[in-house]
Amino acid sequence: MNDWSPVAKVYDPLKAGSIDGTDVEPHDRAVWRAMVARYKPNKAVVGDPLLTLFVARLNPQTTEEKLNEVFSNYGDIRRLRLVRDIVTGFSKGYAFVEYKEERSVVRARRDANKLVVDQSELFVDFEQERTLKGWVPRRLGGGQGGKKESGQLRFGGKDRPFRKPINLPVTMNQEWGGGSRECERGGEREERYRDGSLSRERETDWGSRGRRDDRDRGRERGVEREYHRERRDRSYERESTRERDDRRERDDRRLRDDKYRHRDRR
């Protein structure tokens, strides 16, 4: 783990799907889909990838003219492309900006990130499709964005860096060393997944796990119900004890009052 970094240097879907980059097993279907995907960068894309910035989270109303006005403040722009839907022509919310000089790229990445344009906070980073080895887009289960609702948690980029592991696992390299049993199991698991047998096993396991969880919840509800019933009975006992004590105090007070009253009459 000496080469651990908060930002991914090589895109590994299994690592990118974890919080600290130390996962050894996939945790959702999106990771499986990214692991078996065979993606090649689009050869029709032109320009220098090292001088290109990826700009995301754009307002749908933002135009190329507005982007050109904003990003030209950081240097001379060679090429700007706002990605639009091929059918509707509407903006997809992200764009690519290519500069002429490297210092302009560094400056724009540093200063334009989280800049508010048309009431939207931008996310600016280097292009990763052609620069990050093993990159897989989000439509194939990859990416480094995503939301919790969609079942995709992606980390390891500038926006969501890896968290530092609590204890750096020294045995990680030993477990995944050459000829180890864990590597053999990983290869067998991947082959079974491609055949479709592992997915069926996982679905069966998830179904039985769901039934077990329902039974456990039922037991917890029963225990909780019994606990509240005991608390209610104790409160009734305390209330009856208080009522008896109050009755005794009232009776003693009456006796004292009657005693003083008779003594005053004499």
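A salt bridge is a side-chain nitrogen of Lys or Arg within 4 Å of a carboxyl oxygen of Asp or Glu. The legends below use the term in this sense, and they describe a predicted model.

**View 1. Arg110 and Asp111, a salt bridge between sequence neighbours.** In this close-up of the predicted model, Arg110 and Asp111 form a salt bridge whose closest N and O atoms are 3.1 Å apart. Arg110 has a relative accessibility of 56% and therefore counts as exposed, whereas Asp111, with a relative accessibility of 35%, counts as partly exposed. A search of the whole structure finds seven salt bridges, and two others are shown in the views that follow.

**View 2. Overview of the protein chain.** The protein chain has seven helices and six strands, and, when the sequence is read along its length, these elements follow the pattern α-α-β-α-β-β-α-β-β-β-α-α-α. Of the 266 residues in the protein chain, 30% count as buried. The accessible surface of the protein chain comes to about 19,200 Å², and carbon and sulfur atoms account for 47% of that surface.

**View 3. Arg79 and Glu98, a salt bridge between two strands.** Glu98 forms a salt bridge with Arg79, and the closest N and O atoms of this pair are 2.4 Å apart. Glu98 lies in strand β3 (residues 91–99) and Arg79 in strand β2 (residues 77–84), so the pair ties together parts of the chain that are 19 residues apart in sequence. With a relative accessible area of 4%, Glu98 is buried, while Arg79, with a relative accessible area of 38%, is partly exposed. The two residues also belong to a network of salt bridges that links Arg78, Arg79 and Glu98.

View 4. When residues up to four places away in sequence are not counted, Val83 touches Phe90, Ser91, Lys92, Tyr94, Ala95 and Phe96. Of these residues, Phe96 is 13 residues from Val83 in sequence, and the two are 8.0 Å apart in space, C-alpha to C-alpha.

**View 5. Arg109 and Asp125, a salt bridge between a helix and a strand.** The side chains of Arg109 and Asp125 meet in a salt bridge, with a distance of 3.0 Å from N to O. The pair links distant parts of the chain, since Arg109 is in helix α4 (residues 102–111) and Asp125 is in strand β6 (residues 123–126), 16 residues apart. Arg109 is partly exposed, with a relative accessible area of 24%, whereas Asp125 is buried, with a relative accessible area of 6%.

View 6. A positive surface patch is formed by Arg247, Arg250, Arg253 and Arg256. One of these residues, Arg256, is found in helix α7 (residues 197–265), and, at 43% relative accessibility, Arg256 counts as partly exposed. A negative surface patch is formed by Glu243, Asp246, Glu249 and Asp252.

**View 7. Two loop residues with positive phi.** Arg57 has a phi near 60°, which is a positive value in a residue other than glycine. Arg57 lies in the loop between β1 (52–56) and α3 (64–71), and, at 42% relative accessibility, Arg57 counts as partly exposed. Asp118, although it is not a glycine, likewise has a positive phi, of about 55°. Asp118 is found in the loop between β4 (116–117) and β5 (120–121), and its relative accessible area of 32% makes Asp118 partly exposed.

Technical notes: Residues numbered from 1 in each chain as written. Predicted model: local features only at pLDDT ≥ 70, side-chain atom pairs only at ≥ 80, totals over all residues. Heavy atoms only, no water. Patch = residues over 30% accessible without salt bridge, like charges linked within 9 Å, V, L, I, M, F, W, Y side chains within 5 Å. Areas by Shrake-Rupley, 256 points an atom, 1.4 Å probe, with all protein chains shown as cover. Lys, Arg positive; Asp, Glu negative; His and termini not counted. Charge placed at Lys NZ, Arg CZ, Asp CG, Glu CD. Helix = DSSP H or I, 4+ residues; strand = E, 2+ residues; numbered from the N terminus. Buried < 20%, exposed > 50% of the residue type's maximum accessible area, 1.4 Å probe, protein only. Contact = heavy atoms within 4.5 Å.
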